[in-house]
Amino acid sequence: MRKGKGPMVSVGVPGTNIWSIKAAFDGTIWCGTDIGLSAYRPSGKVENFVLGKEGDRVLVVERINRNKFYVGGAYGIGIIENGVFRQLNLSNNFENEIGTVRAFANYKGAILCAGDKGVFDITKNKAVPFGNFKDGIISMTVDNSNHLWIGTETGLYLLRDEKFIQHPLAKDPASNTVNFLEVIGNNLYIGTNNGLFSMNTLRLSVDQHYGLNSGLINLESNINSSFYDGRYLWFGTAEGLIQFDPTIGNRTEGKLPPLLNIASILLNYNSFDYSDY
């Protein structure tokens, strides 16, 4: 139930953490939480569902088409279709065969899910292996040229000629921990533990690296925390929410002066307690 008169109000969805949130065309807000799946209906009613084991977290709610979503977590996969949730029975040993699911993608008519054990084709309600990775998969997307991209704990991969090819973003490990992927036009925006990268999906080249001098308040982005509203790219960091305008970086080609990042302030050449002022 909504309470309060300010710009932010609680809606009574259970769970201390909201891992994923999507809006359906019927007005329902679907939330993946640390204890399951919740539906906040337009009437204000909240319905709760179990995915896999009782009280297990739901990490991803992903729209596949206008009326269909896929839901994933550590112990199962489900479908929301026309406002109704149902669970898929893909494996009797889900945790060991598929693992924790963090991403879905509609690739050339096939529904793919990404789990700890790799990428699986679940189009026919069976988990058919599609690609193996030595490290955990965090994110997955398809660009406007119908290329499949995979973000893992140790790198960014592109499927080419039926092989996954790694595309290093930089030399340091933090830059190759891919927390989210967002496609805008011919650009792929990649959230990492070392800021935001922009890659041109036609040239397959890294065009920009946005860090503290670009206005980020923290270099570490949050897992699958991005959303593009048609104008701005929104994403979460370890210290708050960022609103990013992709048209500025593309138009100015880095010619704007960097934003000031203040590391410390001295008063009469001495450190002081900021809270006193």
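This briefing walks through a sheet, a pocket, a cavity and the cysteines of the structure above. The model is predicted, so local features need pLDDT of at least 70 and side-chain atom pairs count only at pLDDT 80 or more, while totals for chains, interfaces and linings use all residues. Residues are numbered from 1 along each chain as its sequence is written, and side-chain values use heavy atoms, with hydrogens and water left out.

**The four-stranded sheet**

- Four strands form an open sheet in the order S5-S6-S7-S8, with antiparallel pairing; strands are DSSP runs (E, at least two residues) numbered from the N terminus, and two of them pair if DSSP finds at least two bridges between them.
- Strand S5 (58-65) and strand S8 (84-88) are the edge strands, each pairing on one side only.
- On average, neighbouring strands of this sheet are turned by 25 degrees against each other, direction ignored; the axes are lines fitted to C-alpha atoms, and angles run from 0 to 180 degrees between N-to-C directions.
- Strand S6 (residues 68-73) and strand S7 (residues 77-81) share five bridges in the antiparallel sense, and tyrosine 70 has isoleucine 79 in S7 as its bridge partner.

**The largest pocket**

- The largest pocket has a volume of about 1300 Å³; on a 1 Å grid over the protein atoms alone, a pocket is an open set of points with protein on both sides within 12 Å along at least five of seven lines, and lining residues have an atom within 4 Å of a point.
- Of its 37 lining residues, Lys22, Glu62, Glu182, Asn224 and Ser226 are the closest to the pocket centre.
- Elements giving two or more residues to this lining include strand S1 (18-23), S5 and strand S9 (103-107).
- The lining of the largest pocket divides into 22 nonpolar, 10 polar and five charged residues.

**The cavity**

- The whole structure holds one cavity of 30 Å³ or more, a cavity being a set of grid points where a 1.4 Å probe fits but cannot get out.
- The largest cavity has a volume of about 40 Å³, and among the residues lining it are Phe180, Leu196, Glu220 and Phe235.
- Strand S18 (187-192), strand S19 (195-200) and S22 each supply at least two residues of this lining.

**Cysteines**

- A search of the whole structure finds zero disulfides, a disulfide being a pair of cysteine sulfur atoms within 2.5 Å.

Conventions. Grid points are joined across faces, edges and corners, and a volume is the space filled by probe spheres set on the points. Ala, Val, Leu, Ile, Met, Phe, Trp, Tyr, Cys and Pro count as nonpolar, Asp, Glu, Lys and Arg as charged, and the others, Gly among them, as polar.
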